[in-house]
Amino acid sequence: MGNPDPKQICTSHIERQNLTMRMQMRRFTRLTNGFSKKWENHWAALCLWFAFYNFCRVHSKLRVTPAMESGITDHIWTVRELLEVA
């Protein structure tokens with residue numbers, strides 16, 4: 001989104017995010033019973049995972065959540081807090 005500089009575009013970050021998502025969400029793996037039959041359910045699960053990933057999960061390299069690192073929040077959210085906002 002936005003107006004990225006074509007010289008700075010790097011697909012390795014997107015590929016890493018895709019791998020992380022596939023490894024942590026059973027909906028994206030093959031031969032599983034965790035698939036979504038409805039698009040709305042799939043979208044809701046995806047949104048919930050991204051919210052958890054960015055607000056609740058402490059990343060080892062950052063030692064904080066991505067939302068804290070970017071200044072969106074000042075604390076690590078609990079899952080309860082995340083679900084109350086949603």
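**First stop: H59**

Select H59 and show what surrounds it: beyond its neighbours within four places in sequence, H59 is in contact with Y53, V64, T65 and P66, where contact means heavy atoms within 4.5 Å. Before going further, note that this is a predicted model, in which local features need pLDDT of at least 70 and side-chain atom pairs count only at pLDDT 80 or more, while totals for chains, interfaces and linings use all residues. Residues are numbered from 1 along each chain as its sequence is written, and side-chain values use heavy atoms, with hydrogens and water left out.

H59 sits in the loop between α2 and α3 (66-69); helices here are DSSP runs (H or I, at least four residues) numbered from the N terminus. Is H59 buried or exposed? It counts as buried because its relative accessibility is 11%; buried means under 20% relative accessible area, exposed over 50%, and partly exposed in between (1.4 Å probe, protein chains only).

Now zoom in on the H59 side chain. It reaches the backbone oxygen of Y53 at 3.0 Å, and it also makes a polar contact with the side chain of R57 at 3.3 Å. A polar contact is a pair of N or O atoms within 3.5 Å; within protein, one must be able to donate a hydrogen and the other to accept it, and residues adjacent in sequence count only if both atoms are side-chain atoms.

**Along the loop**

Next, pick T65, in the loop between α2 and α3. With 0% relative accessibility, T65 counts as buried. Leaving aside neighbours within four places in sequence, T65 is in contact with N54, F55, C56, R57, V58, H59 and I76.

Then click R63, which is in the loop between α2 and α3 too. R63 is exposed, at 70% relative accessible area. Check its backbone: phi is near 65°, a positive value in a residue other than glycine. Most residues other than glycine have a negative phi.

**Over to the rings and the patch**

Select W49, F50 and Y53, which ring pairs link into a cluster. Rings of Phe, Tyr and Trp (its six-membered ring) pair if their centres lie within 6.5 Å.

Last, colour L48, F52, V79 and L83: they make a nonpolar surface patch of about 330 Å². Patch residues have over 30% relative accessible area and no salt bridge, with nonpolar side chains joined within 5 Å. α2 (39-55) and α4 (79-85) each supply at least two residues of the patch. L48 lies in α2 and, at 40% relative accessibility, counts as partly exposed.

Definitions and conventions:
Patches are made of residues with over 30% relative accessible area and no salt bridge: like charges are joined within 9 Å, nonpolar side chains (Val, Leu, Ile, Met, Phe, Trp, Tyr) within 5 Å. Accessible areas come from the Shrake-Rupley method with a 1.4 Å probe; for residues, only the protein chains shown count as cover. A salt bridge is a side-chain nitrogen of Lys or Arg within 4 Å of a carboxyl oxygen of Asp or Glu. Rings of Phe, Tyr and Trp (its six-membered ring) pair if their centres lie within 6.5 Å; planes under 30 degrees apart count as stacked, over 60 as edge-to-face and the rest as tilted.
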